[in-house]
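Thanks for coming. I'll go through one structure today, and I'll keep it short.

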Amino acid sequence: MLDSQKHALVTPLLRKTGLLDTYNMINFRPVSNLSFMSKVVEKVVSIWQLNEHLTDEGLLPRHQSAYRKCHSTEKAMLRVMSDALTAADQRRVTLIGLLDLSSGFDCVDHSLLLQRLERTFGLSGLVLRWRTSYV
């Protein structure tokens, strides 16, 4: 990625509006607004190249809904409801564990992420260098 495309307008946003102390900077998260061209390039690579590679190679979990064509949140919820109702019909207990992963990427070790992209998902060369540059 060109260095000119890495410039962003960073705005601090409160993590949970109305619930946190606005005088403590730890309660804010940085939100970067990238340039238009940077967003276009990101979209092209993400949708047309990366997702296509992951789909063609069968590297996405079967029931993953995020970032996939024809896999909406509604479809995921219908699947959960269907599984729960099927289990109830068979007199089995259903437990659902829900996790809030909205800040999940903030906790990811970037070197481990890049290593996994290379070893598990087969990204290499220019693609891996671009992703490394982006992260």
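Helices α1 (residues 36-56), α3 (110-119) and α4 (125-134), together with strand β2 (28-34), each put at least two residues into the lining of the largest pocket. Please keep in mind that this is a predicted model.

How much space lies in that pocket? About 1800 Å³. The lining is made up of 36 residues. If you want to find the centre on your screen, look for E42, Y67, F105, L113 and R131, the lining residues nearest to it.

Which element gives the most to the lining? That is α1, with seven residues. Sorted by class, the lining holds 18 nonpolar residues, ten charged ones and eight polar ones.

Now stay with α1, and look at N51, which lies in that helix. Is N51 buried or exposed? Its relative accessible area is 19%, and the cut-off for buried is under 20%, so N51 counts as buried. Setting aside neighbours within four places in sequence, N51 is in contact with S46 and Y67.

Last, helix α2, which covers residues 73-89. We can check its length. There are 17 residues at 1.5 Å each, and the span is counted over one less than that number, so we expect 24 Å. The end C-alpha atoms of α2 are 24 Å apart, which agrees. Just after α2 comes R91, with a positive phi of about 55°.

That's it from me.

Definitions and conventions
Residues numbered from 1 in each chain as written. Predicted model: local features only at pLDDT ≥ 70, side-chain atom pairs only at ≥ 80, totals over all residues. Heavy atoms only, no water. Helix = DSSP H or I, 4+ residues; strand = E, 2+ residues; numbered from the N terminus. Buried < 20%, exposed > 50% of the residue type's maximum accessible area, 1.4 Å probe, protein only. Contact = heavy atoms within 4.5 Å. 1 Å grid on protein atoms, 1.4 Å probe; cavity = no way out; pocket = protein on both sides within 12 Å on 5 of 7 lines; lining within 4 Å. Points joined across faces, edges and corners; volume = space filled by probe spheres on them. Nonpolar A, V, L, I, M, F, W, Y, C, P; charged D, E, K, R; others polar.
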